[in-house]
Every structure is written in C-alpha cells, then in structure tokens.
Amino acid sequence: MTVLVRNPRNNKRENRFVHSFTICKDDDPLFDVEYESNVDIFTDSLDPALPVVLFPAMKAGRSISFKGKVSEKLFSNSETIQNIFHTWYKDYSVVDVQADEHHSENLPNRGVACFFTAGLDSSYTLVKNFDEITHLIYVDGFYDSRKGNESITEAHLAHLRQVAKKIDKTLIEIRTNLRDFMDDYGVWGDHNHGAGLASVGLLLSKHFHKIYLASSHTYDVPLPWGSTPLMDRFWSTKSLQFIHHGAEATRVMKTAEVVKNEKIMNSLRVCFGAVPNCGRCEKCVRTMIHLKIAGALDRCTAFLTKDTVTPEYISRLHIKLGDVHTKAVFDENIKALKETRRDIELVEALEDCLNGVYRKKLRGFPKRVKNFIRRKVLAKFRTNLDT
C-alpha cells in the first residue's frame, strides 16, 4: 500500500493566503493539510508535503508517491534523512519514495528568516544574527498546547507582533493543521517538530534563501530529537538553505548573549501557560536561574514573579522525572552555578528536584528532614547570631 500526495492548490481567504494538498492512502483521500499566512505562500510544488508525510509513512511502513513536482535535491536527501531517523528509531522503516517530476530552482538571493517564539533559543539565534535576519516566522500551534488555549495563543501572537515592531523586523504568521496529521504518527518534540518547521520553511522558499532553526541542545548532547544539527540541513533545496543554529552554546551561554539586548531580553516568552511568563512553572524557573547566573534577573521584566528562585521552591518544582531533555538543561545550570561558586543552595535544590526528593515519599524523607534543619532551623540560628 502507498501514501499518495497530490493536488497542491492555492486560494485566498479574505486577506489571507491559503495553500493545501491532499494525502491519500492508495486512492482514498485521508487528510487535507492546509496552511494559512499573512504573506504569499502560493506554490505548485509538493516540497512542503515531503517533510509532513515522510516520517508518518516510515512509521506505517508505507511507500510514498508524490503526484507533482518535488525538489531534486530534497528528493535525493530524503534517503539520508530516512537513514538517520531509522538509526535513531528502529520502529521507523526506510520506505520507497517516488515523484512524478523533479525541479531544480536556483533563485537569486532573497531574505533571511528565523523561526521565532521569543523563547530563549530563538532569541539567541536572533541576537547573534540580528543584522542578517530580515523576517521572523511564527507558526500557530507548533509550540503552545493548542486545544482549548486559543486565548493564550492569541495573546502570544499579539506579543510577537509587538516584539517585531519594536525591533523593526517583519513577522510572518502561519497557521496550519499539519500537526493534526503528524501527531498520529509520533511525538512532536522527539520526532516531528523539525520536519514541521522544514515544511513551513519550504512553503516560504520564494521569500528566503536562508532560514535559521534555533537549537534545543548543544553539540555534546547528541540526543535523538526532531531538530538537530545532523538532520536539519538535509531539508534544504538548491534555492533554500536551512541552518541549525546555536548548538555551540548552552542555555546559560545563550542567556549571557540575550541579556545584551534589553528589548529582546524583556520580550522573552518561555512559558506555555501565560503571557507574560508566570514565573512558577519549570521553564520559567530554569530560565530565571539562567538570568540570575548572567546577573540580569533583577532588570528583566518578562516574568510575573521572581520570588520562586529559592531553594525551597526549586526543590519541590514539578518536572517529568527521568526526562533526558529536562535533565540536560538542569545540568547546565548546576554546572554553571558550581563554576561561579555562588548560590550553592540552588545547586542542591536543582539536584533534589532532578532526584525527586520531595516526590519519593518515605524514600526521600531523610533528605527532606536534612533540608528542613539546614534551611529553617540553622538559618534562623545564624540570623539570631548576627543580630
């Protein structure tokens, strides 16, 4: 059985540009993928479809046939992409890919863009390439919890419009339902988000010759992930280059660069639950620790509260225990705090959080008692001695 991709089509919906294509299982229509944008995204190419269907087809063990034009370079690279992904995830099979027609556009230089959420990673990429980047790309639904949180999404989009205006960049807004298809065949972060970004980037190829994708991890954290230095470049075509940026820097190092630009620092948005940042969730707290290490927490106005950067709160912070990605970020903060030889109690609190000391019931009881004595009883005793 074969996955067929066909019928790329373009139309306008009020003042928005709409592009779509149809995914079929054999000859039966299965799903219509649609993109809506505030800029022209009209194309007769099926390049944007290839990243959307490649991993789901591998997961289902089905060959793919594109009934239309696909970039010759992207088509060739799809074999390498599959080999990488199959090496990471053995339940994804290498499948046959065919296309009715190949194209090889070589367009003159256009603009340069980066995918941007106002998060730490994309803010670092923006700061480091500020003069070169002409446009910011935001994809509604890629990052937020989409269902039932439309008000948060709209608030975030309004925030990004203000940021773009403040720093004199053009914001491209994309809305797409591709996750409604891809999420049935993998985990967004682990498997699909890099391919989703590539699909949107390919859709915008008439506008850009280079698009930056901000790194999630450093080169020395070679975790299988949807967007990596190894994978992202293979989504490129002859006329569009994808650049995976920032893997040379830890988030602590990224923060040290971002705080040099007050406008971008005070526009940080790392929280999925609120605009501005709530200051209480795991992402907010770990980012505020980055800012504290950089000596900029006091002057950052992006958080509703900063009172949570305490050993007591951090020790009890709810995280997904055993998650390698969260651990990698916590380890960066622990290492940086140890190197500065300041806030050593925060180091222990981060370690307690990672080890689940306050979630292990009786097994964590001895450590909790030790923490209580040191942080409450001994601290009070030291205060009495000082007075």
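Predicted model: local features only at pLDDT ≥ 70, side-chain atom pairs only at ≥ 80, totals over all residues.
Colleague: Okay, what is the phi of D26 near?
Modeller: Phi of D26 is near 60°. That is a positive value, in a residue other than glycine.
Colleague: And how does D26 count for accessibility?
Modeller: D26 counts as partly exposed, because its relative accessibility is 30%.
Colleague: Is D28 buried or exposed?
Modeller: Exposed, because D28 has 52% relative accessibility. The cut-off for exposed is over 50%.
Colleague: How far is D28 from V3?
Modeller: Their C-alpha atoms are separated by 9.6 Å. Along the chain, D28 and V3 are 25 residues apart.
Colleague: New topic, G196. Which helix is it in?
Modeller: G196 is in helix α6, residues 188–203. G196 has 0% relative accessibility, so it counts as buried.
Colleague: And how far apart are G196 and G226?
Modeller: In space, 9.1 Å from C-alpha to C-alpha. In sequence, G196 and G226 are 30 residues apart.
Colleague: Now helices. How do α3 and α8 pack?
Modeller: Helix α3 (residues 120–128) and helix α8 (residues 251–258) pack at an angle of about 50°. Their axes are 9 Å apart. That angle makes α3 oblique to α8. The crossing of the two is left-handed.
Colleague: How many residues of α3 are buried?
Modeller: Eight of its nine, so α3 is mostly covered. Among the buried ones are L120, D121, Y124 and V127.
Colleague: Last topic. How many cavities of 30 Å³ or more are there?
Modeller: The structure holds one. The largest cavity has a volume of about 60 Å³.
Colleague: Which residues line the largest cavity?
Modeller: D47, S71, H103, S104, E105, L202, S205, T237, K238 and S239.
Colleague: And what's that lining like by class?
Modeller: The lining has one nonpolar, six polar and three charged residues.

Methods:
Residues numbered from 1 in each chain as written. Heavy atoms only, no water. 1 Å grid on protein atoms, 1.4 Å probe; cavity = no way out; pocket = protein on both sides within 12 Å on 5 of 7 lines; lining within 4 Å. Points joined across faces, edges and corners; volume = space filled by probe spheres on them. Nonpolar A, V, L, I, M, F, W, Y, C, P; charged D, E, K, R; others polar. Buried < 20%, exposed > 50% of the residue type's maximum accessible area, 1.4 Å probe, protein only. Axes fitted to C-alpha atoms, helices over the stretch in contact; angles between N-to-C directions. Helix = DSSP H or I, 4+ residues; strand = E, 2+ residues; numbered from the N terminus. Parallel < 35°, antiparallel > 145°, perpendicular 65-115°, else oblique. Left-handed = near helix turned anticlockwise from the far one by under 90°.
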